[in-house]
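Colleague: I would like to learn how to read a few features of a model, beginning with the packing of helices. Could we take them one at a time?

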Amino acid sequence: VNGRLHALDIDPGTPLLWALRDHLHLYGAKYGCGIGLCGACTVLVDDQAVRACRLSVADAAGKAVTTIEGLAPGREPVQLAWQALQVPQCGYCQPGMIMTAAALLLRSPSPSDEEITEAMSGSVCRCGTFDRMRRAIRRAAAAEGS
Amino acid sequence: VTPITRRAFLSSSAAAGCGLLLALRIPELEAEGLVERPAVFEPNAYLSIAPDDTITIFVIRHEMGQGVRTLLPMMIAEELEANPARIRLEQAVTGPRFAGIRLHTSGSGSSRGTYETLRSAGAAAREMLVAAAAARWSVPPTSCHAESSMVVHGATGRRLTFGQLADAAAAQPVPLEPRLKDPADFRLLGRPMPRVDGPDIVTGRARYGLDVRVPNMVYASIERAPVLGGRLVRFDGSRAVRRPGVLHVMPVTSGIQQGVAVVAESTWAAMSARRELDIAWDHGQHRDFDSERFIADLPGWLETDAQFVVRHEGDARTALRAAARRHGATYVFPFQAHAPLETMNCTADVRADHAEFWVPTQTQHRCMEQAVKVTGLPEERIRIHATLMGGGFGRRLFADYLAEAAQISKVIARPVQVVWTRVDETRHGYFQPSTAERLEGGLDGNGRLVALVHRTSASDLTIYDIHGGRDIYGSEPPPAKEPDHYSSGLSPWGAFDNPYDIPHLRVDAADVPSPVPYGPWRAVEYPSTVFARESFLDELSQLTGRDPLEYRLDAIGEGERMIGPIPLDRGRLRHVHELAAERAGWNRPLPQDARLRGRGIAANVYHGGSYIAQVAEVSLAPDLTDLRVERITCVIDCGLALNPLGVTGQAESGIAWGLSYTLLGPIHFREGRVVERGYQDFRVVAMDRMPELDLHVIASRERPGGFGEHPVPMVAPAIANAVFAATGVRLRRLPITPEALRGAASD
């Protein structure tokens, strides 16, 4: 996790989310629904966006997990764009949103608006920060491309 | 703690300008030895200045994304002339320092309710610092001024920092009426302020209630009675307690519904052991409650005598009978849930002689009330830490989840975090009530609305009664209501403060009993009343063959007036209409293609403070499927926009909230239970449903009118009116879905 190897002696069926939060003390991935619908727990597993509440810790074993704490602190283009456009409101969904956007930019460095909408629309933001997120992803893509 | 009734809340926010707390000095605290460094200058409860120039500002509202931790300190800093870089924030907590100060966050009141008080707090401190410097230099105070956390003597250029003056300033008398700046001179307020919590949020460092960890803590998950008001008869936890990590299984009776808690060493162990519980419930008297039946019965309540006259001008019933033309319509608003992303949770550490709570809450007062009730400890032995909230929207104005955590911790004698699952959250809330609104309008020979009777089953949203320690499912009947029960609370919002110029207007509220726990939901009563009122105006324009915008402009009237205690400036209401129409291209033709297209307009005035008009543009497939909201134009006059970034953020957010209940939701009850389980069936909008937005904030120096809830209620009628323009189908019940449209079209 975030470049460090961890040995855990817990129920192998424990979702990765709770292993991160209750056992590795990483609180950036959030609990929102527990069934992979809201996206608040999104982390990268081998560079793919994954819902940590739906992946058992046994299935995550041996894989490279990146949580929001593993991004360069506040210096990733996505985070900078998020700050520049003042995206967050309550902020609770935002680590998951940022990880989802980061995964999108990894696989598609200059995503179309349709790609952005498709990648982000499976995530819930009850504050409704969608318009700013859309603009922030465009900005991050432009920054990475330059 | 005095219960904050809706009435008291309204009068306190109306009178929020009073600086009566300014004179609060801290000698009592000093006498108790609670102030460790007497050299610290504390002119009032809201701030302190240390000799090292650090300014500590206490945030007296709760952060849930609306930006109070950014804005409120700036109100103080503006008048104090403080250097914002040296400001440290602290969350105000219940206790003697903040006795009498409202630590309660609701009703879009955080900015408008503190605007004068916090500025006065900063100005008083500034005047004391200036007086202290002047005394030291033996010059008149008028020859000195403050800037960037220093006092400067203009003639000689001498300067002393606030820290250097802290000691001497503390000896100065507190000015009772400090001079406030002319808003034209503001340096901080009115300019875009980035959120202070932003960097922590985007790096994942921001800590919410569920992120609280204290030594030796355990976790609890509660299986609650599935039926409203159900009772726990007996339970067998022997299988659950054998699961790895499970420590206790125990009854919980302090929350919204009775339940059985599994306490475990980890969140997952607690949650997953719930399915091993064997519980017998008494489903009680509400086992047959059904929301469809409730809604079907609502219009009947509007015909009964169980009504309160909320507002009456002229003689509406007589005028209605005499009208040249009449039109009536009934509108229905379904049940809704808050569905904040962070589920309810509270971490409690209850000991024999003291207790501590970490809780994401909008109201420390309610938390303290529940903490005292459950622990049996006096207030001074209880400490409440308000954490960041993963959304509030009114749900966190209740402290039922704190009560649960308190009870469990008290029994197990360990710190515990109660964690609600998404299913718990969806099924055990304080819901937005379902209402029916009946409007009867009378038109004169020119088609002008001269008489209106608006009857609403707005239900009893004097919500705090529910939570004032009263068991809503108990046998004790609710207390009888005063005749002015609703009108004195300006309720129902949106019906009571109907802003249009109608010579004969009567507003009635029917009191409909319901087993559903009700609570304030973003925009409170406005969503249902404004949907009805603004749809009805559109219907009248259509009936008279007039353009909806023109019809509205005629109905607005001229000049200023009062509605009860609420000031109304009809010029501002007219202006937002005109500007929204202009920006939306109201008179421009829509694209001609295979889709059905239309525009609709709606507006509202929130308690006389903020004026908003929205134009929605929609399109549909010819068979009435694939409804898309293409664009929303939103013109805002909220007085002085204290943080323009915050205002546009709340507008985006409010529009998303409005879209969710206009197009999606709602909550259903069947056999006394909530049918929905989470975001899979109580759906809210995501990015794919967010239309193109055109937000425009009118530059103004009027008093700030508040903003958190204001952009919500006109979304639904603007869309309903646009759908009508596109299809000729009028929907009077939310949500607006293709199924409902096809059903209405075939009627």
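Colleague: How are H18(B) and H19(B) oriented to each other?

Modeller: Please keep in mind throughout that this is a predicted model. In general, two packed helices are described by the angle between their axes and by the distance between those axes. Here helix H18 (residues 644-663) of chain B and helix H19 (residues 715-727) of chain B pack at an angle of about 55 degrees, with their axes 8 Å apart. H18(B) and H19(B) are therefore oblique to each other, and their crossing is right-handed.

Colleague: Which residues in H18(B) and H19(B) meet?

Modeller: From H18(B) come Gly654(B), Ile655(B), Gly658(B), Leu659(B), Tyr661(B) and Thr662(B), and they meet Val715(B), Ala716(B) and Ile719(B) in H19(B). Sorted by class, this contact of H18(B) with H19(B) has six nonpolar and three polar residues, with no charged residues.

Colleague: At what angle do helix H5 and helix H6 of chain A pack?

Modeller: Helix H5 (residues 113-120) of chain A packs against helix H6 (residues 130-145) of chain A at an angle of about 125 degrees, and their axes are 11 Å apart. That angle makes H5(A) oblique to H6(A), and H5(A) passes H6(A) in a right-handed crossing. Asp113(A), Ile116(A), Thr117(A) and Met120(A) in H5(A) meet Met133(A), Arg134(A), Ile137(A) and Arg138(A) in H6(A), and the residues of this contact divide into four nonpolar, one polar and three charged.

Colleague: How much area do chain A and chain B bury between them?

Modeller: The size of an interface is often given as the accessible area lost when the parts come together. For chain A and chain B that is about 4,200 Å², 60% of it on carbon and sulfur atoms. Of the area that chain A buries against chain B, Gln89(A), Tyr92(A) and Arg126(A) supply 20%, more than any other three residues. The contact takes 50 residues from chain A and 56 residues from chain B.

Colleague: How many salt bridges are there between chain A and chain B?

Modeller: Side chains of opposite charge can pair when their charged atoms come close. The count between chain A and chain B is four salt bridges, and Arg213(B) forms a salt bridge with Asp22(A), whose closest N and O atoms are 2.9 Å apart.

Methods. Residues are numbered from 1 along each chain as its sequence is written. Chains are lettered from A and ligands numbered from 1 in the order in which they are written. This is a predicted model: local features need pLDDT of at least 70, side-chain atom pairs count only at pLDDT 80 or more; totals for chains, interfaces and linings use all residues. Side-chain values use heavy atoms; hydrogens and water are left out. Axes are lines fitted to C-alpha atoms, for helices over the stretch in contact, and angles run from 0 to 180 degrees between N-to-C directions. Helices (H or I, at least four residues) and strands (E, at least two) are DSSP runs, numbered from the N terminus. Angles under 35 degrees count as roughly parallel, over 145 as roughly antiparallel, 65 to 115 as roughly perpendicular and the rest as oblique. A crossing is left-handed if the near helix is turned anticlockwise from the far one by less than a right angle, and right-handed if clockwise. Contact means heavy atoms within 4.5 Å. Ala, Val, Leu, Ile, Met, Phe, Trp, Tyr, Cys and Pro count as nonpolar, Asp, Glu, Lys and Arg as charged, and the others, Gly among them, as polar. Buried area is the accessible area (1.4 Å probe) that two parts lose on being put together, summed over both. A salt bridge is a side-chain nitrogen of Lys or Arg within 4 Å of a carboxyl oxygen of Asp or Glu.
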